[in-house]
Every structure is written in structure tokens, then in C-alpha cells.
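This briefing goes through one protein structure by topic. Please look over the sequence and the model before reading the points below.

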Amino acid sequence: MSKKVRRIGVMTSGGDSPGMNAAIRAVVRTCAYYHSECVGYYRGFQGMIQGESVNMNARSVRNIVNQGGTILQSARSKEFMTKEGRAKAAQNLRDAEVDGMILIGGDGTFRGGQVFSQEHGIPVIGVPGTIDNDIFGTHYTIGYDTALNTVVEAIDKIRDTASSHNRLFFVEVMGRDAGFIALNTGIGAGAEEILIPEEDLGLERLLDSLERSRRAGKTSSIVVVSEGDKTGKNVFELAEYVKQNLPYYDARVTVLGHIQRGGRPSCFDRVLASRLSVKAVELLLDGKKDLMVGMKNNEIKSCSLDQALKGKHNINKDLLRISEILST
């Protein structure tokens with residue numbers, strides 16, 4: 001029989017994403033609604049190891065739903081990767097009488113939480129927060145929508161300069177091993193080419209595409225490049241390669257970098273974070289453990305952490321077809 005959960009811990013881990021504060025707020029206020037106590041842990045797993053925590057109530061999270069970043073801060077903990085570190089974190093939770101943890105983060109966060117729960121029997125529920133949108137079990141992760149809007153706005157401004165000077169811009173966006181940001185912002189911003197890890201465009205095809213664009217009368221172009229694309233060249237090498245093979249192009253590079261993680265979360269991300277986090281608390285209170293909450297077809301669902309970690313969230317192949325049509 002599951003132990004009744006009376007005191008819930010919450011933390012954010014890994015890369016920050018817009019909407020994490022909205023998720024923290026929802027966790028804390030849902031605990032208050034159900035008359036459960038809530039403890040916030042600073043700096044993710046490292047804060048659990050060092051016992052850096054704060055008791056939180058409904059007033060602790062006022063005026064944060066619109067803030068980017070995370071008030072609990074985030075960090076990657078090498079110590080938590082050791083059995084000794086995880087044992088120390090578990091003892092700190094037991095000393096604080098924390099009965100279960102809600103982990104807001106990405107796959108690295110969930111992997112650590114899964115091992116921790118298996119070793120020490122402390123229930124965990126994962127809430128997917130990452131701009132990369134690369135978590136299986138949910139169509140959208142917290143922060144992804146805001147990142148898309150940030151990138152599209154940036155590319156719109158870059159296009160103004162590209163058009164004014166007849167230039168070709170390579171714009172690198174985040175995504176690691178997933179091309180969700182690149183593919184969707186590329187279509188949304190009208191990019192001529194989109195390079196993503198899931199599809200190897202190939203250097204020759206890229207040259208052919210840019211040459212067709214020039215013959216079609218385009219005097220400026222935008223190529224959106226996911227940081228993990230498979231051409232074998234980084235974005236600066238790509239620009240240099242195009243200069244050498246298509247010398248009439250004045251190629252420039254913009255790396256958007258961490259600007260994609262910041263900023264006020266969109267309404268979509270605020271609502272998504274709220275829905276997922278309310279469900280996460282309710283699952284813990286119902287005695288559930290080792291699950292991740294997600295949204296599929298506008299419904300909040302849950303799956304095992306094991307499924308979330310082993311499954312693969314595939315890109316929409318139809319978007320690739322659409323991007324090719326619209327780049328004509």
C-alpha cells in the first residue's frame with residue numbers, strides 16, 4: 001500500500017525554459033489547494049544533495065507566472081551521478097519529511113529521477129520543460145512555443161538586413177539532436193532551406209537549392225540550421241563552403257544561442273505548464289510514481305518515465321514536404 005503523500009518537493013533541472021516558473025507556481029498552489037505542504041529545492045539535484053530548500057506556499061509564487069527562467073534556479077550535478085550523491089539527496093529528503101518529488105526538466109532530469117526513485121523508493125513525477133521539444137510522451141514541452149516565437153521574431157529582423165544588402169544568412173538555432181525548432185521556425189519565417197539532424201540534406205543539394213533560388217530571382221536568402229544538423233560542418237564552415245562554391249553569395253552567420261531560452265513565456269506555455277503541473281501533483285497525491293505528464297491532442301496524459309526516456313518524438317514528415325514546396 002502506497003504511503004500517503006503529505007509533503008511534496010519541486011525542483012527545476014537542466015537547461016532553463018520559459019514557463020518553468022509557471023510550472024513551479026502551479027505545483028505550489030495545487031499543493032495548497034489540496035492542503036499539502038510544498039518544498040522548493042534550489043539548483044536541481046545539487047540542491048537536493050546540499051539540502052538547499054525553502055518552504056513554499058501560495059504567496060511564495062505570486063507574480064512569477066509571466067517570468068522567464070526559474071526562481072528555483074537550475075544546475076547540472078556531477079555528484080548526483082554517483083550512488084553516494086544520490087544517497088545523500090535521499091537522506092536529506094527523508095530528514096525534511098518529503099514524500100515525493102516533482103522534477104521539471106528534460107531527459108537528463110528524468111533519467112536521474114528514475115535511477116533515484118529505483119534506488120531509494122521516493123516517488124517522482126516528471127514535468128517536461130525544455131525548448132527542444134524532444135521528449136517522447138508529449139506533443140509539446142514547456143518553453144518550446146516561446147522559443148519558436150523568439151526565433152521567428154529574430155529571423156524576421158535578420159531578413160530585413162538580408163534584403164537590404166542582398167545577403168545570404170545562415171541562422172543557427174538550438175535543438176541538439178532534434179530539429180523541431182529549426183523546422184517549424186524555418187517554415188514560419190519563410191526560410192529558403194532548413195537543415196535538421198533528422199534529415200541529411202547534403203552539401204550538394206544545398207548548393208543546388210541556393211542556385212535555384214538565385215535563378216528564380218531571389219536576391220537574399222535565409223538558411224535555418226539546427227545546431228545538430230548532419231552535414232558534417234558547423235554553421236561557419238557551411239557559410240564558408242557556400243562562399244567558395246557560389247562566390248556571388250555574400251554569406252553571413254548569426255548564432256542565436258541562449259537568447260532562445262529567455263524571455264517571458266507565451267500564453268500557450270503558461271497554460272501548458274499549469275495543466276501539466278496540476279496533474280503532476282494530483283498523480284503524486286493519488287499514490288502514483290515514476291511517471292511523466294504530457295499533452296497529446298490537447299489532453300493531459302501520463303506515461304512511465306521509462307517510456308519517456310526510451311521512446312523517440314519524431315518530427316512531422318509532412319512539414320519537410322511543405323518546407324520544400326514553399327521554398328520554391
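The model is predicted. With a relative accessibility of 0%, A89 counts as buried, because buried means under 20%.

**Around A89**

- Not counting residues up to four places away in sequence, A89 touches M48, I49, F80 and F116.
- One of these contacts, M48, is 41 residues from A89 in sequence.
- In space, the C-alpha atoms of A89 and M48 are 5.0 Å apart.

**Around S221**

- S221 has its place in strand β8, which covers residues 221-226.
- The relative accessible area of S221 is 1%, so S221 is buried.
- Leaving aside neighbours within four places in sequence, S221 is in contact with R167, L168, F169, E192, L210, S213 and Y249.
- R167, one of the contacts of S221, also takes part in a salt bridge, with D250 as its partner.

**Salt bridges**

- The structure holds 13 salt bridges.
- In the salt bridge between D250 and R167, the closest N and O atoms are 3.1 Å apart.
- That pair links distant parts of the chain, since D250 lies in strand β9 (residues 250-255) and R167 in strand β6 (residues 167-173), 83 residues apart.
- R167 counts as buried, because its relative accessibility is 17% and the cut-off for buried is under 20%.
- D250 counts as partly exposed, at 28% relative accessibility.
- D250 also forms a salt bridge with R252, and here the closest N and O atoms are 3.2 Å apart.
- R252 has a relative accessibility of 34% and so counts as partly exposed.
- Another salt bridge is formed by the side chains of K301 and E299, at 3.1 Å from N to O.
- Through shared partners, salt bridges join R167, D250 and R252 into one network.

**Backbone positions with positive phi**

- Which residue in the loop between β2 and α2 deserves a look? R43 is placed in that loop, with β2 covering 37-41 and α2 covering 44-50.
- R43 has a positive phi of about 60 degrees, although R43 is not a glycine.
- The relative accessibility of R43 is 25%, so R43 counts as partly exposed.
- N63 likewise has a positive phi of about 60 degrees and is not a glycine.
- N63 is found in the loop between β3 (53-56) and α3 (83-95).
- Is N63 buried or exposed? N63 counts as exposed, because its relative accessibility is 60% and exposed means over 50%.

**The protein as a whole**

- The protein has 11 helices and 11 strands.
- Its radius of gyration is 22 Å, close to the 20 Å that the globule rule gives for 328 residues, so the protein is as compact as a globular protein of that length.
- Taken along the principal axes, the C-alpha atoms fill a box of roughly 70 × 35 × 35 Å.
- Of the 328 residues in the protein, 53% are buried.
- Among contacts with a separation of 6 or more, 76% are between residues 24 or more positions apart.

**Surface and charge**

- The protein exposes about 14,800 Å², and carbon and sulfur atoms supply 47% of that area.
- There are 42 positive and 39 negative side chains in the protein.
- The centres of the positive and negative sets lie 5 Å apart.

Conventions: Residues numbered from 1 in each chain as written. Predicted model: local features only at pLDDT ≥ 70, side-chain atom pairs only at ≥ 80, totals over all residues. Heavy atoms only, no water. Helix = DSSP H or I, 4+ residues; strand = E, 2+ residues; numbered from the N terminus. Buried < 20%, exposed > 50% of the residue type's maximum accessible area, 1.4 Å probe, protein only. Rg over C-alpha atoms; globule rule 2.2 N^0.38 Å. Contact = heavy atoms within 4.5 Å. Areas by Shrake-Rupley, 256 points an atom, 1.4 Å probe, with all protein chains shown as cover. Lys, Arg positive; Asp, Glu negative; His and termini not counted. Charge placed at Lys NZ, Arg CZ, Asp CG, Glu CD. Salt bridge = Lys/Arg side-chain N within 4 Å of Asp/Glu carboxyl O.
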